Amino acid sequence: YDGRQTFGLFLKGIGLTMKESLDFWRKAFSRKISASKFDKSYSYNIRHRYGQEGKRADYTPYSCIKIVRAHAGNGEYHSCPFKS
């Protein structure tokens with residue numbers, strides 16, 4: 001979840017629209033799950049990032065400091081690639 005959230009907010013920050021983001025993630029997940037499973041399990045979080053669901057907050061990308069300080073758990077492989 002954390003890796004998708006970080007990358008998803010990055011995509012939003014570089015200008016992807018919500019539709020473009022949904023299309024990107026749907027295609028990325030298409031090798032592992034069906035489109036209906038994606039719509040049921042993942043599309044809500046994408047719409048939420050864009051302020052279209054939940055409390056309708058307009059989230060911004062995480063700062064470099066936040067990403068550097070984040071700790072990926074066991075089996076997770078996200079964070080800042082420049083972190084030493």
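Analyst: What follows is an account of helix H2 and of the side chains that meet it. The model is a predicted one, and every value below is computed from it.

Helix H2 runs over residues 18-29, and its 12 residues reach 16 Å from the first C-alpha to the last, close to the 16 Å expected at 1.5 Å a residue. Its buried residues are Ser-21, Leu-22, Trp-25 and Phe-29. Seen down the axis of H2, these buried residues fall within an arc of 100°, so they line one face of the helix. The cover over them includes helix H1 (2-13), helix H3 (35-41) and helix H4 (43-49), whereas on the other side of H2 Lys-19 and Lys-27 are exposed.

Aromatic rings form one part of this picture. Among the eight aromatic pairs found in the whole structure is that of Phe-24 and Trp-25, whose ring centres are 5.2 Å apart and whose planes stand at 85°, so the pair is edge-to-face. Trp-25 counts as buried because its relative accessibility is 8%, under the 20% limit, while Phe-24, at 35%, counts as partly exposed. Phe-38 and Tyr-42 form a stacked pair, with 6.1 Å from centre to centre and 20° between the planes; of these two, Phe-38 is buried at 1% relative accessible area and Tyr-42 is partly exposed at 21%. Both pairs belong to one aromatic cluster, made up of Phe-7, Phe-10, Phe-24, Trp-25, Phe-29, Phe-38 and Tyr-42.

Charged side chains form the other part. Side chains of opposite charge can pair when their charged atoms come close. Lys-19 forms a salt bridge with Asp-23, with the closest N and O atoms 2.8 Å apart, and these two residues of H2 lie four residues apart, about one turn of the helix. Asp-23 is also bridged by Arg-26, at 3.7 Å between the closest N and O atoms, and here the spacing within H2 is three residues, again about one turn. An α-helix has 3.6 residues a turn, so residues three or four places apart point the same way. Arg-26 in turn meets Asp-39 in a salt bridge of 2.8 Å, N to O. Asp-39 lies in helix H3 and Arg-26 in helix H2, so this pair ties together parts that are 13 residues apart in sequence. Lys-19, Asp-23, Arg-26 and Asp-39 are thus linked in a network of salt bridges, in which Lys-19 is exposed at 56% relative accessibility, and Asp-23 at 35%, Arg-26 at 28% and Asp-39 at 38% count as partly exposed.

How values were computed: Residues are numbered from 1 along each chain as its sequence is written. This is a predicted model: local features need pLDDT of at least 70, side-chain atom pairs count only at pLDDT 80 or more; totals for chains, interfaces and linings use all residues. Side-chain values use heavy atoms; hydrogens and water are left out. Rings of Phe, Tyr and Trp (its six-membered ring) pair if their centres lie within 6.5 Å; planes under 30 degrees apart count as stacked, over 60 as edge-to-face and the rest as tilted. Buried means under 20% relative accessible area, exposed over 50%, partly exposed in between (1.4 Å probe, protein chains only). The expected span of a helix is 1.5 Å times one less than its number of residues. The arc is that of the directions from the helix axis to the C-beta atoms. Contact means heavy atoms within 4.5 Å. A salt bridge is a side-chain nitrogen of Lys or Arg within 4 Å of a carboxyl oxygen of Asp or Glu.
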